[in-house]
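Work through the exercises below with the model open. Each task is followed by a solution in steps.

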Amino acid sequence: MLNTHQSVGAVLLMISTVSLAQDNAALHRLAPVAKPLSQTVAFNLDPKKDVFSGSTVITLEVLNETSFIEVNGLDYNIETAKLNGKQFCNLESQMLKTGKVKLSCEHSFPKGRYTLTMDYTAPYNRKSVGLYKTIDNGVPYLFSQFQMSDARRAFPVFDEPEYKIPFKITITAPEDQKVFTNTPLLKTTKSKGLVTHYFDKTLPLPSYSLAIAVGPFEVLKVPGMSVPGNLITPQNKSSLAAYSIENTPKILTALEKYFDIPYVYKKLDQVAVPEFPFGAMENAGLVTYREDILLIDPARSTQRARIDHLNIITHELAHQWYGNLVTMKWWNDLWLNEAFATWIASKITHQLHPELESNLALLQHYAMDFDAQATTSPIQKPINTEADIMDGLWLAYSKGSAILYMVEQWLGEDVFKQGMRNYVRQYAHKNAEAKDLWSALSKVSNKEVAAVLNSFVSQASFPLLTVEQNGATLTISQQRFAIHGQTVPSQTWHIPIILRYGKGEQSATTSLLLDAQSKQVTLAFEPEWILPNANVTGYYRWQLSSENLIGLTQHATSKLNTREKLDVLDNVEALLDAGKIDTATLMTTLGHYTNDDHPEVAKTALTSLLSQYHLYKENIDQKRWAAFFATYIEPAFKHYGLTATKEEQPASSEIRAQLIEILAFETKHSEIITHAKKQALLYLSDADKVDPYLVESFLKIAAYYGSAELLKAYQQQFESTNNPSKRTHLLSAMGYFGEPALQQEMLKYALTKQVTASDLGYILAGNKQGKARKARYQKWFYNNFTSLKTKLPPFAVPRLPFYLFSRCDTSHLNQAKQFFEPMRSDIDGLEKSLQQLELATKTCVNKKQRELSSITAFLNQLS
């Protein structure tokens with residue numbers, strides 16, 4: 001029975017919490033006194049300058065009598081603001097700290113249609129957001145990145161996704177510049193060395209999907225599409241565009257076929273951007289990509305690079321339907337935009353290129369590692385600020401994609417596809433919410449889709465299924481997966497499950513919807529082995545009895561497909577995190593798979609074994625680790641060697657790279673180090689002669705044991721190369737220089753203008769290698785924090801605690817908490833990052849204490 005005082009207190013707390021959330025939303029969202037109907041923007045842009053000017057006319061409807069209007073704005077300076085309509089007013093402007101501009105009139109004006117005219121000036125952003133300037137090989141360019149909320153840095157605008165309106169853009173630029181935006185060029189006029197470009201009006205778009213590119217570009221036509229299109233690159237880089245030009249028409253055609261709706265925009269241009277904070281951006285008709293993703297030479301690229309290239313192009317083009325044509329009402333549904341694009345990108349990439357085996361990249365595994373943490377938020381959650389959006393954003397891609405795949409397999413591919421088609425047709429050129437998609441899928445399938453999807457997207461984490469066998473009867477129960485030592489609430493889900501089981505030559509599957517705490521299912525026969533997640537369709541972990549796990553492992557080689565073997569390995573490692581098994585059991589299980597016929601499975605097993613080494617290497621004596629290396633690492637290196645064999649599978653090449661790095665860094669393997677130094681120098685002189693799978697490994701090893709002359713050579717080629725992949729390889733390798741003086745020189749270089757805001761993380765990441773190097777880096781981090789904070793894109797600042805690269809050391813945690821304490825309330829999102837860092841550190845420390853005796857016993861057996 002609930003105590004009366006408790007009841008009243010709970011109600012008051014609920015009212016207070018709701019009120020606070022509403023106040024916070026009102027603080028950051030535009031006052032609902034007016035809505036835009038259309039907007040024109042005229043820009044005066046010159047990449048050689050540091051500032052620009054613009055003017056805009058917004059046709060809007062005032063909804064109720066008011067004396068003010070709000071638009072979004074950051075960084076720009078308003079020169080004039082006028083309202084024309086039923087009444088005229090010269091507006092006074094006040095730029096607020098919440099990314100809004102309040103435009104006030106001395107008198108009130110009635111509801112009705114008005115035009116808001118504004119003139120303004122602004123600096124080009126230099127942190128890869130808004131309308132920003134970058135220098136590539138000495139040449140200035142202008143690009144834009146408006147998602148999530150940075151269109152407001154470039155011009156006054158209703159910068160919220162529900163304000164989906166047509167825009168018309170005009171750009172005046174020097175005559176030696178090429179200019180692009182979302183729509184085709186209608187005409188140009190010239191005057192005094194300047195060209196004014198008049199572009200067609202857009203279809204209704206959210207402001208975040210607008211885009212601008214200005215510079216002396218190279219432009220190549222992309223034939224074979226349903227609309228005209230170009231591949232646009234900075235100078236001297238178009239020679240790497242062929243792979244994109246070959247694949248884009250095939251991808252677009254596949255998407256048009258899936259949606260059964262033609263691509264609706266009048267053109268499809270794709271731009272290679274030398275400085276870009278994300279992988280790509282789906283701007284309608286003008287898609288932008290980080291250049292090392294869009295411009296690759298397939299003959300000199302790894303299979304992973306080719307898959308990423310295809311996946312990301314497909315992801316961005318899918319957004320032309322799901323994101324641009326149909327747009328979320330608010331950012332709380334951004335997860336669904338990204339989840340759908342990620343899911344269909346995997347589907348189309350595998351459909352067009354099955355030889356790449358992209359279906360073996362199981363994103364749910366990466367998602368679950370993060371989703372299991374007690375501090376993780378649901379992927380559908382209240383959003384007020386950019387920090388709210390960025391909190392767990394990557395999880396929206398991976399977890400969301402896995403959930404959609406699970407539902408597709410549950411409903412059937414054709415049923416799911418028809419539901420998607422109906423949804424896109426119904427909401428074309430409009431805004432929609434997740435519940436609208438749930439409704440469309442429910443109507444076409446006659447299933448309770450909302451119950452399943454809401455249980456996964458509105459709750460954090462995922463279920464752990466426990467499967468108990470009694471003859472041919474299985475009892476399946478669910479609970480929230482919890483990492484050992486973390487306190488989490490009790491939860492249940494509606495879980496579509498596909499089981500596979502077998503005996504002898506028999507094999508069968510059975511499906512069920514687990515919508516209760518537990519259910520029983522009777523199989524067609526009593527099995528010798530059970531796989532609770534057939535073909536890895538479900539977003540859940542699973543636990544078998546020790547006897548059933550042994551039975552599954554014994555039959556894995558002949559009965560499980562490659563995806564399923566990968567799931568077994570990842571699942572067993574997760575059970576260790578949950579405290580359901582010990583490290584010795586994990587490592588014994590992994591050992592069964594290190595020589596699997598498919599090198600992807602062998603690589604995964606070996607990677608997991610090495611992760612245990614990295615975790616415990618300082619807690620166990622080297623004699624025991626020598627036995628570990630003699631059992632697993634040295635035989636593998638002997639098998640794979642230093643050079644690739646003919647017709648070798650890509651995963652074998654990836655194993656080789658992993659082996660040479662661990663042996664070079666951890667055992668100072670002289671043969672590997674000598675070879676790596678020679679190969680690094682060869683790469684600098686003739687990159688085509690070095691194995692693309694080993695390039696980064698060789699460059700990193702050579703840097704770690706390298707000289708000042710080598711650092712200078714890396715820097716010179718990094719600054720001068722026109723090959724984006726080579727630039728990224730060198731950027732990553734520069735973070736590995738080992739000598740203290742060279743490490744400091746490299747870190748100093750990272751803060752110069754030669755390294756852009758979006759590139760900084762590549763160099764910093766290399767400082768994780770080596771205990772002494774990491775300690776020096778952390779000291780540098782604290783001493784140079786202000787410069788780091790100033791250089792990074794604003795959305796990255798709340799994540800700065802994770803740039804310390806230390807998640808298993810209590811003393812490092814305490815130092816970080818003390819350092820960041822004064823900033824907790826000043827940096828939006830920092831508090832959540834510190835909570836996550838603290839939980840991750842304590843969990844790791846507890847795991848090491850809990851499992852040290854188990855792994856020591858396992859290593860003793862190897863000696």
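**Exercise 1. Strand E20**

Solution. Helices (H or I, at least four residues) and strands (E, at least two) are DSSP runs, numbered from the N terminus. The model is predicted, so local features need pLDDT of at least 70 and side-chain atom pairs count only at pLDDT 80 or more, while totals for chains, interfaces and linings use all residues. Residues are numbered from 1 along each chain as its sequence is written, and side-chain values use heavy atoms, with hydrogens and water left out.

Step 1: Strand E19 (residues 280–281) and E20 run antiparallel and are joined by 2 bridges; two strands pair if DSSP finds at least two bridges between them. The hairpin of E19 and E20 has 4 residues between the strands, and in it Gly285 takes a positive phi near 80 degrees.

Step 2: Strand E18 (residues 269–273) runs parallel to E20, with 5 bridges joining them. Val273 has Arg290 as its bridge partner in E20.

Step 3: In a regular strand, side chains alternate between the two faces of the sheet. From E20, Leu286, Thr288 and Arg290 point one way, Val287 and Tyr289 the other way, and all are buried. Buried means under 20% relative accessible area, exposed over 50%, and partly exposed in between (1.4 Å probe, protein chains only). Since 5 of the 5 residues of E20 (residues 286–290) are buried, the strand is largely enclosed by the rest of the structure.

**Exercise 2. Disulfides**

Solution. With bonded cysteines counted along the chain, the pattern is 1-2, 3-4.

Step 1: Cys89 is joined to Cys105, S to S 2.1 Å. Cys89 lies in strand E5 (residues 89–90) and Cys105 in strand E7 (residues 100–109), 16 residues apart. Both Cys89 and Cys105 are buried.

Step 2: Cys808 is joined to Cys844, S to S 1.9 Å. Cys808 is in the loop between helix H25 (785–791) and helix H26 (810–820), and Cys844 is in helix H27 (residues 830–862), so the pair ties together parts that are 36 residues apart in sequence. Cys808 is partly exposed, at a relative accessible area of 25%, whereas Cys844 is buried, at 16%.

**Exercise 3. Helix H17**

Task: Compare the reach of H17 with its expected span, and find which helices its buried residues pack against.

Solution. Step 1: H17 (residues 650–667) has 18 residues and reaches 25 Å from its first C-alpha to its last, close to the 26 Å expected at 1.5 Å a residue. The expected span is 1.5 Å times one less than the number of residues.

Step 1: Among the buried residues of H17 are Ile655, Leu659, Ile662 and Phe665. The buried residues of H17 pack against helix H15 (599–616), helix H16 (622–640), helix H18 (670–685) and helix H19 (695–704). Contact means heavy atoms within 4.5 Å.

Step 2: Just after H17, Lys668 takes a positive phi of about 55 degrees.

**Exercise 4. Aromatic pairs**

Task: Classify the pair formed by Tyr258 and Trp343.

Solution. Step 1: Rings of Phe, Tyr and Trp (its six-membered ring) pair if their centres lie within 6.5 Å; planes under 30 degrees apart count as stacked, over 60 as edge-to-face and the rest as tilted. By this rule the count comes to 54 aromatic pairs.

Step 1: Tyr258 and Trp343 are 6.0 Å centre to centre with 70 degrees between the planes, an edge-to-face pair. Tyr258 lies in helix H2 (residues 242–259) and Trp343 in helix H5 (residues 334–352), so the pair ties together parts that are 85 residues apart in sequence.

Step 2: Tyr258 counts as buried at 7% relative accessibility, and Trp343 counts as buried at 4%. One aromatic cluster includes Tyr258, Trp343, Phe340 and Tyr427.

Key: A disulfide is a pair of cysteine sulfur atoms within 2.5 Å.
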